[in-house]
Amino acid sequence: MSFSRDIERYADLFAARTKVMKSSAMRDLMAVTARPEIISLAGGLPDTSTFPAEDFAALMARVRPLSDKPLIVKLTPNVSDVVPVALAAQDGGADALSLINTLRASAVDPRTGAPWLGARQGGLSGPAVRPVALAMTMQVAARTHVPVVGMGGIQCGRDALDFIDAGAACVAVGTESFRDPAAGTRVREALDRALCARGDGSAAAATNAARDRLRAA
Ligand SMILES: Cc1cc2nc3c(=O)[nH]c(=O)nc-3n(C[C@H](O)[C@H](O)[C@H](O)COP(=O)(O)O)c2cc1C
């Protein structure tokens, strides 16, 4: 599929989902969620790792005007350099950046030697990706100025603190929530304790200090 057709497909899906957000069913759903302003439009959209970094600006120019809501752009780690994509997203009007999405990975069925996953490849998440996520969070936090949402393998307060020290303004807990449905609350409380024990006034102060450190390095 050509890039211009990909970008149109992306824009069509994004526009359709933005419209659905205004439907009465979605309003009902938003009324019962704790953070109604945050809705993921990402699932099932074309894989942006196939977009050349220089074309990401064109994608942003096409989708940003479709919604007046705050836009958090989720970055894929499946690129050789995440910084140009992060800068294109920021310069194209993203209100925040979040990373990382899953890493392209595979598994082999030992009985047959064939790929174990139906689509041959899938997305790797959880603790194995944490060092990759931390490195990319640092790179993006050092080179951009919008808030960064860090994620990838966070399981406990110490992991979350590592992401704050990598310049993230806040963190997300994904895979760990499958093992422990209360992980979000547990990690948030442990992070608060860890920040307090270290004498940090707030997560925001720690984030700002981390970004200053990273920019100066
Ligand atoms: C089952 C599953 C479904 C996911 N679906 C989405 C999705 O629809 N949109 C998205 O941006 N990321 C999706 N992700 C990626 C996560 O949001 C997250 O970026 C990634 O898994 C790394 O964080 P974690 O190790 O805490 O899970 C999904 C991850 C998993 C494991």
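Trainee: How many helices and strands are in the protein chain?

Mentor: This predicted model has nine helices and six strands in the protein chain. Of the 217 residues, 28% are buried. Among contacts between residues at least 6 apart in sequence, 63% join residues at least 24 apart.

Trainee: Which residues of H4 meet H5, and how do they divide by class?

Mentor: On the H4 side they are Val82, Val83, Ala86 and Leu87, and on the H5 side Met136, Gln139, Val140 and Arg143. By class, the residues of this contact divide into six nonpolar, one polar and one charged. Gln139 is the polar residue and Arg143 the charged one.

Trainee: What makes methionine 138 buried or exposed?

Mentor: Methionine 138 has 22 other C-beta atoms within 10 Å. The cut-off for a buried residue is 20 or more, so methionine 138 is buried. Its place is in helix H5.

Trainee: Which residues does methionine 138 touch, leaving out those up to four places away in sequence?

Mentor: Methionine 138 touches Ala166, Gly167 and Leu214. Separately, methionine 138 and phenylalanine 163 are 25 residues apart in sequence, with a C-alpha to C-alpha distance of 8.3 Å.

Trainee: What makes H6 roughly perpendicular to H8?

Mentor: The axes of H6 (residues 157-165) and H8 (residues 183-197) come within 8 Å, and their crossing angle is roughly 65°. That makes H6 roughly perpendicular to H8, because the class covers 65 to 115 degrees. H6 passes H8 in a right-handed crossing.

Trainee: Which residues make that contact of H6 with H8?

Mentor: From H6 there are Gly157, Arg158, Ala160 and Leu161, and from H8 there are Val187, Ala190, Leu191, Arg193, Ala194 and Leu195. The classes are seven nonpolar, one polar and two charged.

Trainee: How do you know what span H8 should have?

Mentor: The expected span is 1.5 Å times one less than the number of residues. H8 has 15 residues and should therefore span 21 Å. Its end C-alpha atoms are 21 Å apart, which agrees. Just after H8, glycine 199 takes a positive phi of about 85°.

Trainee: Why does arginine 120 count as exposed?

Mentor: Arginine 120 has 10 C-beta neighbours inside 10 Å. A residue is exposed if that count is 12 or fewer, so arginine 120 counts as exposed. Arginine 120 lies in the loop between E3 and strand E4 (122-124).

Trainee: What is the phi of arginine 120?

Mentor: Phi is near 70°, a positive value in a residue other than glycine. Most residues other than glycine have a negative phi.

Trainee: Which residues does a cis peptide bond join, and what is omega there?

Mentor: The cis bond joins leucine 99 and isoleucine 100, with omega about 10°. Most peptide bonds are trans. Isoleucine 100 lies in the loop between strand E2 (96-99) and strand E3 (103-105).

Conventions
Residues are numbered from 1 along each chain as its sequence is written. This is a predicted model: local features need pLDDT of at least 70, side-chain atom pairs count only at pLDDT 80 or more; totals for chains, interfaces and linings use all residues. Two residues are in contact if their C-beta atoms, placed from the backbone, lie within 7 Å. Helices (H or I, at least four residues) and strands (E, at least two) are DSSP runs, numbered from the N terminus. Axes are lines fitted to C-alpha atoms, for helices over the stretch in contact, and angles run from 0 to 180 degrees between N-to-C directions. Angles under 35 degrees count as roughly parallel, over 145 as roughly antiparallel, 65 to 115 as roughly perpendicular and the rest as oblique. A crossing is left-handed if the near helix is turned anticlockwise from the far one by less than a right angle, and right-handed if clockwise.
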